[in-house]
Amino acid sequence: MKKLLALALALCMIFALAACGGGGTSAAPAASGPFKPDGPVTLIVAYKAGSGTDGPARILAQFAEKYIGQTVVVENVDGGSGSIGWSQLAAADPDGMTIGVMNLPNFNNSIVNELGTYTTADFKAICNHVTETSIVIVRADDDRFPDLKSLVEFGKANPDTLKASTNGAKASNHIGAQAFAKSAGFSYIDINAGGTADQLLSLRNTESDFTVVKLGDIAGQESAYRVLGIFGAERDSRIPDVPTLGELGYYKDWLGSSRAIVAPAGVSDEVIAFYEEALKKTMEDPDYIAAASSFDTNFLDHTATAALIEQQQAFAESLGDDFWSF
Amino acid sequence: MLETLSLMGAGFVNALTPINLLMMAAGVAMGIVIGCMPGLSAAMGVALMLPLTFTMKAETGLIVLGAIYCGAIFGGSISAILIHTPGTPASAATAIEGYQMTLKGKAGKALFTACYASFWGGLLSCISLYFFAPLLAQLTLKFRSAEYFWLSIFGLTIIAGVSGKSITKGLISGAFGLLLSTIGLDPVTGAKRVMFGQAYFAEGINTTCALIGLFSMSQVFILAEKKIVERAQATKFTDKMSLTRDERKMIRPTIVRSWLIGNIIGILPGAGAAIACFLGYNTSKQFSKHKEAFGHGSIEGVAGSEAANNAVTGGSLIPTLTLGIPGESVTAVLMGGLVIQGLAPGPELFGKYAAMTYTFFAGFVLVQFFMLGIGLLGCRGFAQISRLSDAILIPCVTVLCCVGSYAIHKNILDIVVMMTFGVIGYLMRKFDLNTAAVVLALILGPIGEKGLRNALKSSGGNPMILFSSVVCWVLIALCVVGILSPMFMGKLEKKAEKEATGADPESPDEVVDIDVEND
């Protein structure tokens, strides 16, 4: 009886050990000619399973298998505000068997905040996957602010009174609120609510007066909020009545977040070309498009993506103390 | 209303998938095994199994954790009845009558009673879960920064309740936990705090690793330190595991009373299954028509204790799920699992996550039936397991601790953190400090800090904002109750224990020979 139990326990442990194995496949780098992966491809996501980054990445991975010709394993390496996963990606073998998702501008902020030891030079861009644009919103039943101008005027007349919830200190939506308020010339109080869901909750329970989120964040609950303005050079076709901030004379550049697909810097150009082609086809696949309706797919080639990463890096570095003070 | 009912129904449909049913059975069996081994506690079991649930679908993972919780609370009664050693403190009162029955050759009857009473206690406690949880969750819509600050303070008052003999030592443990909770990025300015130059600590100490270390690894050290001795032979029993119709009828009022007691104790923070079992036992004695049977193997006594401790499970999930305030150490561990599965406490629980929540509730109801079935069928086998030598247990648990913490992020630093906390936990227990208090502070510290600093920021530094709403005052009142009730509860427990055993509860020949770690 006792021996049997011991055996059962041992089996249980072997099972547990096996559960965390896997992913240790090695592959010889392609010597020459066009690259083709010869084993499962690992896609590193720097946030946990089920997170906002994880969902779209998994949909991409699922439909990309057809064009890559191999299984694509999503590996969630979270922690350190994303920097643990990006550190791991930067250090991965540049054999084309490991690629990853790079969140912009979070990735750039992690460099500015010295969370990781990597720089943009440690990665090579493959393509862009998702782009989401920031918007300024208030509660739908808040009659004080029918439009962006009324919000700004109220803010100017009452400095340090309006409250804006953010998704973290100096995180993407805090940057958005700051950029808007600074360009419009009013000061406000930022409330770090934690995540995007808490940010919206803080607005709904009237602790905050306005907030900046991404357009996709309010999908399905549009009636609860009034969108006052959108960041970017042009209006969005889904909300054609909402003016851009630039139209009204405030912050005129695009702001939002992007998710690029990148590889460690050492990979050959063949590897980049292979994945760029395969992922482009994936994002044009009707099955993918049907599955990916909840977020904004935006394919950009590797040159444009590399430029976007550098531009976001420059922007993140420009956000010095001047940006954060009024 | 109709929508809610259909959501509840859909919950059952979702819960009834083959994989969920399989996992319920496995979770309950695992829980019973952990519960009936005197060295392992329910909190430790849940902590140990937490990482294994990460790869599952959210609702499946939650159901497994719930199943382990229920199973462990019931499992403690098996060793209490058969070898006079409660597997968890929650079954301490069961040992009194249960072992007497065993001596009279009625072990089967005692085990059946324990299983039957646990089932009803657990099942009835689900009613309150369905009824109160949505109401409480709705309340959190009114919570702003100031309210969150008070909520965390309210949660921290539980420390007084879980800290057993010395409140001072509980407070020391809590302060230590709060200090640890400041590690990571500053929630308001984003500045780096005590991160030892490691980006790894940017999001603070990994609560799951800390839990596994504090509860499971430290227990290994404690076990390893003791001389390995053979446990008493479990009594072989031949009588049938059943109750007559009259006996069932007799314990019915006892079960209902114990359910109410256990359920209320469960909802109250700071009081757990250990207190509930004694209160349930005493109440059954007071109301019994067969008082003479008590002390000589009363089935009412066994039923009173076991129905009460399992009624705690459903009750204690209410504040954990809705407010994020775990009322005792098992739910504190469970909380780690909930957060990782993406179930955020608050109004979204019955809004955005309603499907998942109701599936979990339905699973929790179904788990009770599995507990009844597996408990009745497997009692004889589980009794053997409860005698498993520490020589086998120690290496197994150590491996599971390491594998478990590594599996979360596949980061070797997680094992280092887990081991560090194992040593800290071991030392704390040597000095009678409280590991549950550390965990509570680790979870609640950041909520409180963010709440306070955001509130003061939005009021321009005026502290009156902390007293500016009705909800604030209600929470402040609850804090006062939270501080005072453990003192009252402590007295109640001592009194109950004294009445139950008829002797000083701390006398050495008494049944409770396990750590008075509350769970």
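At roughly what angle do the axes of helix H2 (residues 18–36) and helix H4 (residues 58–83) of chain B cross? They cross at roughly 35°. This is a predicted model. Chain A is assigned domain 1 and domain 2, and chain A also touches chain B.

**The helix pair in chain B**
- The axes of H2(B) and H4(B) come within 6 Å.
- The crossing of H2(B) and H4(B) is right-handed.

- Domain 1 of chain A covers 42–131 + 257–318.
- Domain 2 of chain A covers 132–255.
- The centres of the two domains of chain A, taken over C-alpha atoms, lie 28 Å apart.
- Contact between the domains involves nine residues of domain 1 of chain A and six residues of domain 2 of chain A.
- On the domain 1 side, helix H4 (106–112) and strand E4 (123–139) of chain A each supply at least two residues.
- That side of domain 1 of chain A has three nonpolar, five polar and one charged residue.

**Where chain B meets chain A**
- Chain B brings 36 residues to the contact, and chain A brings 28 residues.
- Three helices of chain B each give at least two residues to the side that touches chain A: H14 (354–385), H15 (390–409) and H17 (435–458).
- H15(B) provides the largest share of that side, with eight residues.
- The side of chain B that touches chain A holds 18 nonpolar, 10 polar and eight charged residues.

Conventions:
Residues numbered from 1 in each chain as written. Chains lettered and ligands numbered in written order. Predicted model: local features only at pLDDT ≥ 70, side-chain atom pairs only at ≥ 80, totals over all residues. Domains from an automatic or database assignment. Contact = placed C-beta atoms within 7 Å. Helix = DSSP H or I, 4+ residues; strand = E, 2+ residues; numbered from the N terminus. Nonpolar A, V, L, I, M, F, W, Y, C, P; charged D, E, K, R; others polar. Axes fitted to C-alpha atoms, helices over the stretch in contact; angles between N-to-C directions. Left-handed = near helix turned anticlockwise from the far one by under 90°.
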